[in-house]
Amino acid sequence: MAVYNGGKTLETAVQSVLDQDYQDWELVVIDDGSSDETPEILANFAEKEARIKVFRQPNRGLIASLNAAIGQAEGAYLARLDADDACLPGRLRAQACFLDENPDVGLVGGNFVLIDENGSVFGHSRLGALDHAGCVERLKTLSAFFAHSSWMMRRSLVERLGGYSTWAKKAEDYEFLLRAIGVTRLACLAQPLIRLRKSEGSESFDPQCTQYRTTLTAWLWTFGDTGRSREDLAAAVDQWFARHRVGRKMRAVQQATFAAAALKCFRLARFATLALKALATDPLVVWSYFWLRRVRMDLPTHLAKSLSR
């Protein structure tokens with residue numbers, strides 16, 4: 001786990017690990033230079049539970065923190081959890097047993113329950129169970145995938161791949177998976193494993209759309225066969241974003257998505273605030289939603305063809 005100023009949700013995340021029925025674990029937490037109550041919360045947990053190991057560093061960002069956590073962990077299996085998410089009961093046992101029984105699988109994820117900033121449930125994933133072929137197909141088509149917080153992977157895989165790539169900001173998980181499918185098999189369990197927080201303050205909120213930019217660059221680098229350098233591919237993606245004002249469209253759609261979540265939880269004032277924010281960002285937000293859905297599947301292939309010319 002890596003955390004930066006996660007005091008509002010950190011206790012819930014750590015407690016969800018303590019509550020697991022599978023007890024053969026250690027929790028390595030990298031405090032990435034937090035300035036809120038995070039250090040005190042972690043110190044209190046570590047004082048009571050020897051399996052919780054806390055390391056504090058100057059702020060270096062998520063990817064550096066995750067690589068640092070990998071370096072401190074001792075287990076044969078490495079599980080991920082963001083400080084604003086939470087494990088569901090039985091999560092660790094289910095994944096550890098699966099990896100024990102499937103030695104050809106190097107990384108396994110699972111489904112998730114969606115929660116808002118207050119912890120209210122407003123949805124869930126519909127991935128079902130996926131074998132390796134199903135996982136690869138979803139990665140190639142940029143379809144919905146299991147959350148980074150739901151991963152459990154073999155240490156041997158992480159060491160073979162050299163950890164997370166420092167260039168893949170906001171999409172370090174997708175880029176890691178693209179490298180992983182070349183050397184191991186993936187799987188997704190049908191059962192929900194985590195509570196995944198979606199809000200403007202969560203790790204998954206991405207107002208600059210950095211995640212999608214990096215994801216497209218990683219896709220083109222892996223599948224595009226363009227003959228271009230990764231830097232050239234990133235520049236081409238940025239140009240496409242600017243030309244079609246994709247950043248504005250995606251920000252508005254994100255805000256509208258959070259508004260819909262607030263409505264499902266009957267938080268009408270929050271819904272109105274977010275809906276107005278989405279309309280202010282992009283008055284044509286509904287059209288932008290369907291436009292983004294339409295181009296999502298074809299865009300990587302289209303970009304790859306244009307860059308190969």
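**Stop 1: the cysteines**

This is a predicted model. How many disulfides does a search of the whole structure find? The search finds zero. A disulfide is a covalent bond between the sulfur atoms of two cysteines.

Select Cys 97 and Cys 87. The sulfur of Cys 97 has its closest cysteine sulfur in Cys 87, 15 Å away, and that is too far for a bond. Cys 97 is partly exposed, with a relative accessible area of 31%.

Now select Cys 188 and Cys 135. Cys 188 is in no disulfide. The nearest cysteine sulfur belongs to Cys 135, at 6.1 Å. Is Cys 188 buried or exposed? Cys 188 is buried, and its relative accessible area is 3%.

**Stop 2: helix α2**

Select residues 38-48, which make up helix α2. Which of them are buried? Pick out Thr 38, Ile 41, Leu 42 and Phe 45. Turn the view to look down the axis of α2. The buried residues fall within an arc of 95 degrees, so they line one face of the helix. An α-helix has 3.6 residues a turn, so residues three or four places apart point the same way.

Next, show what covers that face. The cover of the buried residues includes strands β1 (2-3), β2 (27-32) and β3 (52-57), along with helix α1 (7-18).

**Stop 3: the nonpolar cores**

Select Leu 107, Phe 176, Leu 186 and Phe 241. These residues have the most contacts inside the largest nonpolar core, which has 51 residues.

Go back to Leu 107 and show its contacts. Leaving aside neighbours within four places in sequence, Leu 107 is in contact with residues including Phe 146, Trp 151, Leu 157, Phe 176 and Leu 186. Arg 185 is also one of its contacts.

**Stop 4: aromatic rings**

How many aromatic pairs does a search of the whole structure find? There are seven. Select Trp 240 and Phe 241. Their ring centres are 5.7 Å apart and their planes stand at 75 degrees, so the pair is edge-to-face. Both Trp 240 and Phe 241 are buried.

Then select Trp 151, Tyr 164 and Phe 176. Ring pairs link these three into a cluster.

**Stop 5: salt bridges**

The structure holds 13 salt bridges. Side chains of opposite charge can pair when their charged atoms come close.

Select Lys 53 and Glu 26. They form a salt bridge, with the closest N and O atoms 2.9 Å apart. The pair links distant parts of the chain, 27 residues apart. Lys 53 is in strand β3, and Glu 26 is in the loop between α1 and β2. Lys 53 counts as partly exposed at 27% relative accessibility. Glu 26 counts as partly exposed too, at 25%.

Select Arg 80 and Asp 82 next. Their side chains meet in a salt bridge at 2.5 Å, N to O. Arg 80 is buried, with a relative accessible area of 5%. Asp 82 counts as buried at 12%.

Now try Glu 231 and Arg 230. This salt bridge has its closest N and O atoms 4.0 Å apart. Glu 231 counts as exposed at 52% relative accessibility, while Arg 230 counts as partly exposed at 25%.

**Stop 6: Arg 154**

Where is Arg 154 found? Look in strand β8, residues 152-154. Arg 154 counts as buried, at 15% relative accessibility. Not counting residues up to four places away in sequence, Arg 154 touches several residues, including Ala 76, Tyr 77, Leu 99 and Asn 102. Arg 154 and Ala 235 are 34 Å apart in space, C-alpha to C-alpha, and 81 residues apart in sequence.

**Stop 7: two positive phi angles**

Most residues other than glycine have a negative phi. Select Asn 5, in the loop between β1 and α1. Asn 5 is not a glycine, yet its phi is positive, about 50 degrees. Asn 5 is partly exposed, with a relative accessible area of 29%.

End at Leu 142, in the loop between α5 (132-140) and β8. Leu 142 has a positive phi of about 55 degrees, although it is not a glycine. Leu 142 is buried, with a relative accessible area of 4%.

Terms used
Residues are numbered from 1 along each chain as its sequence is written. This is a predicted model: local features need pLDDT of at least 70, side-chain atom pairs count only at pLDDT 80 or more; totals for chains, interfaces and linings use all residues. Side-chain values use heavy atoms; hydrogens and water are left out. Buried means under 20% relative accessible area, exposed over 50%, partly exposed in between (1.4 Å probe, protein chains only). Helices (H or I, at least four residues) and strands (E, at least two) are DSSP runs, numbered from the N terminus. The arc is that of the directions from the helix axis to the C-beta atoms. Contact means heavy atoms within 4.5 Å. A nonpolar core is a set of buried Ala, Val, Leu, Ile, Met, Phe, Trp, Tyr and Cys residues joined through side-chain atoms within 4.5 Å. A disulfide is a pair of cysteine sulfur atoms within 2.5 Å. Rings of Phe, Tyr and Trp (its six-membered ring) pair if their centres lie within 6.5 Å; planes under 30 degrees apart count as stacked, over 60 as edge-to-face and the rest as tilted.
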